[in-house]
Amino acid sequence: MDILNRFPDILEAAQQQADHALPGDIRFEAVFDRHSGLEAQKANIEKGIIGAGRLILGDNLQVAKTLRAGMAAGTIPPANLVYLDPPFFTRSVLTGTVAVRDAEGGSHVIATESFADTWKDAEEGTAFEAYLTQTCACIMAARELLAEDGSLWLHLDHHAVHYVKVLADAIFGGPEHLMNEVIWQYKSGGATKRRFARKHDTLLFYAKDPRRCKFFLSKEKSYNRGRKPYRFKGVKEYRDDEGWYTWVNMKDVWQIDMVGRTSAERTGYATQKPYALLLRILNACTREGDLVVDLYGGSGTTAIAAAAYGRDYILCDNAPAAILTAESRMVASGLPFSVLCGHPLLGEEDIAAYLASAEIPEERKVRLRLIPHPPRTPEITVRFDVETEEVDAQRLLVRVRVSRYGIAPEDMPVKARDRALVEEAAAADPAQMIALLMAGPDEQPYRPLAAARRGEALEFFLPRSGGAQLQAIKIVAKDIFGNSCTELVTRG
Ligand SMILES: C[S@@+](CC[C@H](N)C(=O)[O-])C[C@H]1O[C@@H](n2cnc3c(N)ncnc32)[C@H](O)[C@@H]1O
């Protein structure tokens, strides 16, 4: 059946998905915030305040539902900007890269799975319908999070943007809600000879209310024809190495370098967007202190840009490797943040209570679609060597080293031919398999005293006496694939 005829059904099914996503129980996993007191953090958790500066591992519809409940309760402010960078319907598994060293010290870049952009046929339709339905459900859920003057930026490419644009217009209440269609143009390797090289993405900038939408005008250089001065009356002209130019209002075609193979900001996570792109979006639609939400967070570019420019942010992704990448970037930035884990409410009682709530219209209750549990995360074994050194009467210096790492070959998200290489690398230098190593008191929430990124040593001071005396230290290691392992070390 013609996909256009299916649009009303897709919107209906998307609304059902958005309605029926069960809110999750979002729990703090780690709080990297040495500025606000632990007591204040605990009090917030008790009150159900998720707060800002958060990375959440969980399904975006469930996370959006939970945030919505927090907004209704007044514990979370509405979002000033939501950025959505969903899978593009490439129908492929997106692979990133990770480098490992073999026993002789030789470096190898191997492909690892970042996330799947593969779609099965829907119950009553094609794979493309399944994609459109899920993407629209997220747009609907995201729109609900917006402040009255808020905006939603939707990042897509030629695979689906034209279809999603028509559906998103309907979700927002008409095409007048589309403020801009921004073309992000970039250079990248690889081009076919059978058609023009595809070197742009499309960003759809929607306003919840076009008359009230926050927008801060930016200027850009516009070079004169022939790079020569025009000398028009009243027009200020400037000159740089490239020639004469004027400052004009920024246009809707943006040339920004993509995150290339040699780019310093490259994390190895597939489809990472450039920091400069997110910064431009944040500058256009938010101010310091505003809340930015990203429901397809990936490598965490939105979090990094938001944190660096004083915006609060809540970013979620259902791939552990994505949250690990974002977390490592935040640790490197030294800015405060926390990691949360969204547990779906799938117990019989939870579902019954949820269905009984007034939120879901009666006629929709029968078609409840449960979101499956997040996929099983593989078990890894990590052995730590912990050394302590008495520094003075008050402090003990603690050093943690990774001395062994193990993962079952079938659990490695790499091609079968690379498994032996991973095993060799793990045996030669187990520490290189750990992307993030943390240590802190065994408390809820977990507040690491120190965190080390891949290749960095973990060293921290422990108080030796007084109220802050620690009973046990919890060491958490996250491997380069996003799997975690925890160990409790009791102080001797
Ligand atoms: C195109 S990538 C985002 C890239 C990101 N903007 C960046 O700069 O790295 C899309 C992300 O959406 C995540 N994703 C897909 N479906 C999701 C869902 N239902 N809930 C949460 N995250 C999802 C994928 O794991 C992937 O990391």
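The following legends describe close-up views of one predicted model.

**Figure 1. Overview of the predicted chain.**
In this predicted model, local features need pLDDT of at least 70 and side-chain atom pairs count only at pLDDT 80 or more, while totals for chains, interfaces and linings use all residues. Residues are numbered from 1 along each chain as its sequence is written. The chain has 10 helices and 22 strands; helices (H or I, at least four residues) and strands (E, at least two) are DSSP runs, numbered from the N terminus. Of its 492 residues, 38% count as buried. A residue is buried if 20 or more other C-beta atoms lie within 10 Å of its own, exposed if 12 or fewer, and partly exposed in between, with C-beta atoms placed from the backbone. Among contacts between residues at least 6 apart in sequence, 71% join residues at least 24 apart; two residues are in contact if their C-beta atoms, placed from the backbone, lie within 7 Å.

**Figure 2. The open sheet of β16, β17 and β20.**
In this open sheet, 3 strands follow the order β16-β17-β20 with antiparallel pairing. Because β16 (380-390) and β20 (458-463) stand at the edges with a single partner strand each, one side of each has no neighbour in the sheet. From one strand to the next, the twist averages 30°; axes are lines fitted to C-alpha atoms, for helices over the stretch in contact, and angles run from 0 to 180 degrees between N-to-C directions. Two strands pair if DSSP finds at least two bridges between them. Strand β17 (residues 395-407) pairs with β20 over 6 bridges, and Arg395 stands opposite Pro463 in β20.

**Figure 3. Strand β7 and its pairing with β8 and β12.**
Strand β7 (residues 178-185) runs antiparallel to strand β8 (residues 200-207), and 7 bridges join them. Trp184 has Asp201 in β8 as its bridge partner. With strand β12 (residues 253-255), β7 pairs in the parallel sense over 3 bridges. Here Gln185 stands opposite Gln255.

**Figure 4. Surroundings of Trp153.**
Trp153 is found in strand β6 (residues 146-156). This residue counts as buried because it has 24 C-beta neighbours inside 10 Å. Apart from neighbours within four places in sequence, Trp153 is in contact with Leu81, Tyr83, Leu84, Leu203, Phe205 and Ile281. The C-alpha atoms of Trp153 and Leu204 are separated by 5.6 Å, although these residues are 51 residues apart along the chain.

**Figure 5. Helix α7 and the residue that follows.**
Helix α7 (residues 301-308) is mostly covered, with 7 of its 8 residues buried. The buried residues are Thr301, Thr302, Ala303, Ile304, Ala305, Ala306 and Ala307. Just after α7, Gly310 takes a positive phi of about 70°.

**Figure 6. Two loop residues with positive phi.**
Most residues other than glycine have a negative phi. Phe89, which is not a glycine, has a positive phi of about 70° and lies in the loop between β3 (79-84) and β4 (92-101). Arg231, also not a glycine, has a positive phi of about 60° and is placed in the loop between β9 (219-223) and β10 (238-240). Phe89 is buried, with 23 other C-beta atoms within 10 Å, whereas Arg231 is exposed, with 9.

**Figure 7. Residues around the ligand.**
The ligand is surrounded by 19 residues, the closest being Asn60, Phe115, Tyr296, Gly298 and Ser299. A residue is near a molecule if its C-beta atom, placed from the backbone, lies within 6 Å of it. By class, this shell has 8 nonpolar, 7 polar and 4 charged residues. Ala, Val, Leu, Ile, Met, Phe, Trp, Tyr, Cys and Pro count as nonpolar, Asp, Glu, Lys and Arg as charged, and the others, Gly among them, as polar.
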